[in-house]
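The sequence and structure come first.

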Amino acid sequence: MKFNALLTNAVIFHNALDIAEIIRQLLEEGWEIAPEDLAHISPYPTEHIKRFGEYSTHELGIQPEAYDPELDVDFTQLRDQDLRDEGFGTAA
């Protein structure tokens with residue numbers, strides 16, 4: 001059971017990195033990204049997860065690039081809105 005939690009957390013983190021990289025690419029191409037749009041994206045899609053196997057481990061020794069947490073999106077306007085009224089403030 002502990003391995004499944006570790007795998008789940010690793011997949012969520014990897015998906016968040018992929019989402020951030022795609023957002024950076026879109027910003028570089030001139031797209032305008034609204035924080036409201038990002039509020040609807042989840043880093044936990046489960047359709048592509050093979051929960052019980054068939055994962056390759058040959059890439060475990062590859063050193064990943066440094067993690068860059070910075071996104072050039074202004075999230076302050078989301079703080080000004082009360083998203084709880086729209087259902088974003090409560091867990092399902």
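Helices here are DSSP runs of H or I with at least four residues, numbered from the N terminus. The model is predicted.

## Second largest pocket

The helix α1 contributes the most to the lining of the second largest pocket, with seven residues. In total 13 residues line this pocket, and its volume is about 190 Å³. Nearest its centre lie Ala16, Ile19, Ala20, Ile23 and Leu71.

By residue class, the lining of the second largest pocket has twelve nonpolar residues, one charged residue and no polar ones.

## Aromatic pair

The model has one aromatic pair. Its members are phenylalanine 13 and tyrosine 67, with ring centres 5.4 Å apart and planes at 55°. The pair counts as tilted, because planes under 30 degrees apart would be stacked and those over 60 edge-to-face.

Phenylalanine 13 belongs to helix α1, residues 2-28, while tyrosine 67 sits in the loop between α2 (35-38) and α3 (76-80). The pair therefore ties together parts that are 54 residues apart in sequence. Phenylalanine 13 has a relative accessible area of 45% and is partly exposed, since that class runs between the 20% limit for buried and the 50% limit for exposed.

Leucine 71 is in the loop between α2 and α3. Beyond its neighbours within four places in sequence, leucine 71 contacts Ala20, Ile23 and Arg24. Between the C-alpha atoms of leucine 71 and isoleucine 23 the distance is 7.8 Å, with 48 residues separating the two along the chain. Both Ile23 and Leu71 are among the residues nearest the centre of the second largest pocket.

Glutamate 70 is also placed in the loop between α2 and α3. Its relative accessibility of 57% makes glutamate 70 exposed. The C-alpha atom of glutamate 70 is 8.6 Å from that of alanine 20, a residue 50 positions away along the chain.

## Leucine 27

Leucine 27 lies in helix α1. With 24% relative accessibility, leucine 27 is classed as partly exposed; the value is not under the 20% required for buried.

Apart from neighbours within four places in sequence, leucine 27 touches Ile33, Asp72 and Val73. For leucine 27 and valine 73, the C-alpha separation is 8.9 Å across 46 residues of chain.

Note on methods: Residues are numbered from 1 along each chain as its sequence is written. This is a predicted model: local features need pLDDT of at least 70, side-chain atom pairs count only at pLDDT 80 or more; totals for chains, interfaces and linings use all residues. Side-chain values use heavy atoms; hydrogens and water are left out. Rings of Phe, Tyr and Trp (its six-membered ring) pair if their centres lie within 6.5 Å; planes under 30 degrees apart count as stacked, over 60 as edge-to-face and the rest as tilted. Helices (H or I, at least four residues) and strands (E, at least two) are DSSP runs, numbered from the N terminus. Buried means under 20% relative accessible area, exposed over 50%, partly exposed in between (1.4 Å probe, protein chains only). On a 1 Å grid over the protein atoms alone, a cavity is a set of points where a 1.4 Å probe fits but cannot get out, and a pocket is an open set with protein on both sides within 12 Å along at least five of seven lines; lining residues have an atom within 4 Å of a point. Grid points are joined across faces, edges and corners, and a volume is the space filled by probe spheres set on the points. Ala, Val, Leu, Ile, Met, Phe, Trp, Tyr, Cys and Pro count as nonpolar, Asp, Glu, Lys and Arg as charged, and the others, Gly among them, as polar. Contact means heavy atoms within 4.5 Å.
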